[in-house]
Amino acid sequence: MTFMSIVKWITYSVVLIGALNWGLIGAFNFDLVSFLFGEMSVLTRVIYTIVGLCAITYFVLSIKDNTECTYNY
C-alpha cells in the first residue's frame, strides 16, 4: 500500500464515523461525540474539526484519483 492510499483509508474511516454520528443526530437527536466528550468542549470541537478536515482531504484525494484515470477505448 502506498502512503496516499493509507491516508485515503484513514480519512474515509473518519468521515464514515462522522457520517454515522450525523445519522444518529438526524434519527434519534443523539450526538454521540457530545455525549462522550461533553457539550461543545474543547475535545468535542477538535474532533469535529478533524472530521471536517478529513472530509476535505478525502474529497481532494478522490478528485485527484478521478483526474488521473484515463479511459482508452
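Two residues are in contact when heavy atoms of theirs lie within 4.5 Å. In this protein, residues 24 or more positions apart account for 49% of the contacts with a separation of 6 or more.

Before we go on, a word on the model: it is predicted, so local features need pLDDT of at least 70 and side-chain atom pairs count only at pLDDT 80 or more, while totals for chains, interfaces and linings use all residues. Residues are numbered from 1 along each chain as its sequence is written, and side-chain values use heavy atoms, with hydrogens and water left out.

**The overall fold**

Let us start with the big picture. The protein has three helices and zero strands, and its pattern along the sequence reads α-α-α. Here helices (H or I, at least four residues) and strands (E, at least two) are DSSP runs, numbered from the N terminus. The radius of gyration, taken over C-alpha atoms, is 16 Å, well over the 11 Å that the globule rule gives for 73 residues, so the protein is more spread out than a compact globule. That rule is 2.2 Å times the number of residues to the power 0.38. Along its principal axes, the C-alpha trace spans about 55 × 25 × 20 Å.

How much of the protein is buried? Of the 73 residues, 14% count as buried. Buried means under 20% relative accessible area, exposed means over 50%, and partly exposed is in between (1.4 Å probe, protein chains only).

**A cluster of rings**

Now look for the aromatic side chains. Rings of Phe, Tyr and Trp (its six-membered ring) pair if their centres lie within 6.5 Å; planes under 30 degrees apart count as stacked, over 60 as edge-to-face and the rest as tilted. The structure holds three aromatic pairs. In one of them, the rings of W9 and Y12 have centres 6.0 Å apart and planes at 85°, so this pair is edge-to-face. W9 and Y12 are three residues apart in helix α1, which means about one helical turn separates them. Y12 also forms a tilted pair with Y58, at 5.6 Å centre to centre and 45° between the planes. Because Y12 lies in helix α1 and Y58 in helix α3, this pair ties together parts that are 46 residues apart in sequence. Ring pairs link W9, Y12 and Y58 into a cluster.

| Residue | Relative accessible area | Class |
|---|---|---|
| W9 | 52% | exposed |
| Y12 | 36% | partly exposed |
| Y58 | 25% | partly exposed |
| I50 | 43% | partly exposed |

I50 and T11 are 39 residues apart in sequence, and their C-alpha atoms are 9.4 Å apart in space.

**The largest pocket**

On a 1 Å grid over the protein atoms alone, a pocket is an open set of points where a 1.4 Å probe fits, with protein on both sides within 12 Å along at least five of seven lines; lining residues have an atom within 4 Å of a point. The largest pocket holds about 250 Å³ of space, a volume filled by probe spheres set on grid points that are joined across faces, edges and corners.

Which residues lie nearest its centre? Of the 13 lining residues, these are I17, G18, V33, I47 and V51. Helices α1 (3-28), α2 (32-37) and α3 (42-68) each supply at least two residues of the lining, and α1 gives the largest share, seven residues.
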